[in-house]
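Q: I would like to learn how to read a contact between two chains. Can we go through one feature at a time?

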Protein chains: 6
Amino acid sequence: MSNVGLESLQTANPQEGYELAIKLSRMGVKYTQPSEEVRNKLRPMYGEDPTSLIASSQVVATNFQTVATANNYWK
Amino acid sequence: MSNVGLESLQTANPQEGYELAIKLSRMGVKYTQPSEEVRNKLRPMYGEDPTSLIASSQVVATNFQTVATANNYWK
Amino acid sequence: MSNVGLESLQTANPQEGYELAIKLSRMGVKYTQPSEEVRNKLRPMYGEDPTSLIASSQVVATNFQTVATANNYWK
Amino acid sequence: MSNVGLESLQTANPQEGYELAIKLSRMGVKYTQPSEEVRNKLRPMYGEDPTSLIASSQVVATNFQTVATANNYWK
Amino acid sequence: MSNVGLESLQTANPQEGYELAIKLSRMGVKYTQPSEEVRNKLRPMYGEDPTSLIASSQVVATNFQTVATANNYWK
Amino acid sequence: MSNVGLESLQTANPQEGYELAIKLSRMGVKYTQPSEEVRNKLRPMYGEDPTSLIASSQVVATNFQTVATANNYWK
């Protein structure tokens, strides 16, 4: 991530915008836990816990608001 | 989902907009837990836990904000 | 709900707007738990748990933002 | 509350706007738990639990966003 | 707080805006728990619990959105 | 932080904007827990708890909304 970075919030369509929102959400986790090894260890805990899954979806929803606004909702 | 994707945020009316917000919320869960088998196993845990139900409704509310704005509130 | 649906975000005044925000919040729960029987069983758990009550109020607050914006704040 | 209702989002100044945000937050709780007796019983649980206090402040913050926008930030 | 109140959302710069967001967040707690004695007793619980610290930062982030918008982002 | 403070919400690009959102999120924690010693003690608890990681990412998402808006989404 630190190699590529976040170049733009503009995307070609809503699907790509949604994927950018996913990327932004993961960036937030990476900044707090930089170790890929630890994140990989935690991933199964995320993925099988309903509370974590819903909370993850909330983060994506918030980032998607930002991306959708940045793209004028792809109108 | 990966077959269809997210084509547009425009909907004909608020009811369809709400359904799109539901779809967006489920997409967030699918990206974090891609296995349909695991998601199906977790669903009963969601559906009978008040905290999870309210948290799910919060995600939908956030996505509905985005969809409603994208449609200029169907005015 | 599925019979009536969501016809419009416009309301005559803030009080009706607030009631629409309540309706939207309940819709979010209904989509995740379609069984009225199960929801009725869970309701007492909601209503006597401070955390659930506050979380419910958060969902309503988010939906009220949407409804209030849709109505230009009833100015 | 059901007697008075929510008449307007306009307030004379930020302090009154903040108080309206408090009122909106309490309305959300009242709709989920209509019994004043039960709410009074739960109040001490709210007030001495840090998590509940912070969550309550989050609801107020969301409602204050709505009220502040409705008043064009009292500029 | 009840002596001073909230006079304005305008601040000279982002730093003062952030401090106002902190003040707004604390006001939300004060309205729910008016007793300074109880709040002082709870403060150590806040400050050493990661979940509470992150939740507090979330409230500040929400209030900072409001203050930043009110100041047109100090552009 | 108190030496440098928050001078501006303007950044050259989305990547720097994201980093400012991280800084804002950490400022929220610092105001609630001013002791660097205590924060350092708590950091390992943050970083290995999925719930805390997701919650941290939520705070960053909210602050990034603010920063992105302040920069007109770097369009």
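Q: Which side chains meet in a salt bridge?
A: A salt bridge is a side-chain nitrogen of Lys or Arg within 4 Å of a carboxyl oxygen of Asp or Glu. Here C:Lys41 and B:Glu48 meet that way, at 3.4 Å from N to O. The rule finds 1 salt bridge across the interface of chain C and chain B. This is a predicted model: local features need pLDDT of at least 70, side-chain atom pairs count only at pLDDT 80 or more, and totals for chains, interfaces and linings use all residues. Residues are numbered from 1 along each chain as written, chains are lettered from A and ligands numbered from 1 in the order written, and side-chain values use heavy atoms, without hydrogens and water.

Q: How many residue pairs are in polar contact between chain C and chain B?
A: A polar contact is a pair of N or O atoms within 3.5 Å; within protein, one must be able to donate a hydrogen and the other to accept it, and residues adjacent in sequence count only if both atoms are side-chain atoms. The count is 13 residue pairs, both residues at pLDDT 80 or more.

Q: Which element of chain C gives the most to the side that touches chain B?
A: Helices are DSSP runs (H or I, at least four residues), numbered from the N terminus. Helix 3 of chain C gives the most, with 11 residues.

Q: How much area is buried between chain C and chain B?
A: The size of an interface is often given as the accessible area lost when the parts come together. The probe is 1.4 Å, and the loss is summed over both parts. Here the buried area is about 2,400 Å², and carbon and sulfur atoms give 64% of that. On the chain C side, C:Leu6, C:Tyr31 and C:Thr32 lose the most, together 22% of what that side buries. The contact (heavy atoms within 4.5 Å) takes 30 residues from chain C and 24 from chain B.

Key. Buried area is the accessible area (1.4 Å probe) that two parts lose on being put together, summed over both. Helices (H or I, at least four residues) and strands (E, at least two) are DSSP runs, numbered from the N terminus.
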